[in-house]
Amino acid sequence: MRIPYNPALNAFLEGDLAAREPIAQFKEWFDQVCRSGTVREPNAVALATSTQDGKPSCRMVLLKGFGNHGFHFYTNYESRKGVELAHNPQAALTFYWDGENRSVRIEGVVERLSEEESSGYFNVRPLGSQVAASVSHQSTVVPSRAFLADQAETLLAQVAAHSERLPKPAFWGGYNLVPHTVEFWQGQTNRLHDRIRFRRPFLGEVIDPALTHVGDDGWVFERLAP
């Protein structure tokens with residue numbers, strides 16, 4: 001199986017960068033894919049975590065915000081990923097936008113968002129999503145789907161009976177990935193794919209201008225072989 005991507009004339013060059021730092025460049029690509037309609041869920045992203053002894057795991061989550069502070073997602077703190085992040089905060093995100101022949105890889109350190117920010121997001125979620133987060137002890141073994149459905153129905157009935165807002169569970173909330181590396185990939189039919197990586201320079205690093213370019217906001221960027 002071999003699918004064509006972009007012709008050589010449509011290369012992603014350093015001069016095509018919308019910014020000399022990765023957050024604004026990510027926003028440019030993200031906005032483009034949102035406008036294009038070629039990807040149903042542009043904010044779907046693979047989140048990779050690892051145990052302290054290096055055993056990796058990966059799953060899909062939804063990006064719920066980004067900016068100079070980092071990249072936000074929400075989940076159960078007691079899930080597998082939550083436990084792994086508690087012991088090893090190093091993580092990676094990978095977006096793949098098939099319709100645009102583009103991907104973005106982000107590596108960094110994850111920290112919890114504040115309770116205030118997590119509650120603020122929880123309170124604007126649809127009620128069904130609030131209920132699901134409340135009754136699902138994510139990554140634990142359950143006897144059946146009916147078991148979860150029964151718990152959800154019971155909680156929904158309680159909320160309806162008391163006409164109260166469902167509070168955010170203590171075991172659920174947000175994370176922020178603070179990036180130190182962001183790579184932008186664009187596919188080429190001849191497999192000479194374009195890869196431009198932004199990263200934080202190493203302590204005491206002497207920049208070779210033939211290979212590495214000084215960007216904005218403390219970032220440097222360089223082209224990687226595909």
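This is a predicted model: local features need pLDDT of at least 70, side-chain atom pairs count only at pLDDT 80 or more; totals for chains, interfaces and linings use all residues.
**Aromatic pairs**

A pair of aromatic rings is described by the distance of the centres and the angle of the planes. In this structure the count comes to 20 aromatic pairs. For Trp29 and Phe184, the ring centres are 5.3 Å apart and the planes stand at 85°, so this pair is edge-to-face. The two residues come from distant parts of the chain: Trp29 belongs to helix H1 (residues 22-36) and Phe184 to strand S7 (residues 172-186), 155 residues apart.

Now meet another pair, Tyr74 and Tyr121. Their ring centres are 4.2 Å apart with planes at 20°, so the pair is stacked. Because Tyr74 lies in strand S4 (residues 70-76) and Tyr121 in helix H3 (residues 115-123), the pair ties together parts that are 47 residues apart in sequence. Tyr74 has 14% relative accessibility and so counts as buried.

Rings also gather in a group: Phe26, Phe30, Phe66, Phe71, Phe95 and Trp97 are linked into a cluster by ring pairs. Elsewhere, charged side chains meet rings. Arg112 lies over the face of Tyr77, 3.5 Å from the ring centre, and the charged end of Arg199 sits over the ring of Phe202, 4.7 Å from its centre.

**The nonpolar core**

The largest nonpolar core has 31 residues, and Phe26, Phe95, Trp97, Val104, Ile106 and Phe184 touch the most other members. Helix H1 gives this core its largest share, 5 residues. Phe184 turns up again here: leaving out residues up to four places away in sequence, its contacts include Phe12, Phe26, Trp29, Val104, Arg195 and Ile196.

**Salt bridges**

Side chains of opposite charge can pair when their charged atoms come close. The whole structure holds 11 salt bridges, including these:

| Salt bridge | Closest N and O atoms |
|---|---|
| Arg223 and Glu14 | 3.0 Å |
| Glu107 and Arg105 | 3.8 Å |
| Arg195 and Glu183 | 2.7 Å |

Arg195 lies in strand S8 and Glu183 in strand S7, so their pair ties together parts that are 12 residues apart in sequence. Both Arg195 and Glu183 are buried. Glu107, at 30% relative accessibility, counts as partly exposed, and Arg105 is partly exposed with a relative accessible area of 36%. Arg105, Glu107, Glu183 and Arg195 are linked in a network of salt bridges.

Technical notes:
Residues are numbered from 1 along each chain as its sequence is written. Side-chain values use heavy atoms; hydrogens and water are left out. Rings of Phe, Tyr and Trp (its six-membered ring) pair if their centres lie within 6.5 Å; planes under 30 degrees apart count as stacked, over 60 as edge-to-face and the rest as tilted. Helices (H or I, at least four residues) and strands (E, at least two) are DSSP runs, numbered from the N terminus. Buried means under 20% relative accessible area, exposed over 50%, partly exposed in between (1.4 Å probe, protein chains only). A charge sits over a ring if NZ of Lys or CZ of Arg is within 6 Å of the ring centre and within 35 degrees of the ring normal. A nonpolar core is a set of buried Ala, Val, Leu, Ile, Met, Phe, Trp, Tyr and Cys residues joined through side-chain atoms within 4.5 Å. Contact means heavy atoms within 4.5 Å. A salt bridge is a side-chain nitrogen of Lys or Arg within 4 Å of a carboxyl oxygen of Asp or Glu.
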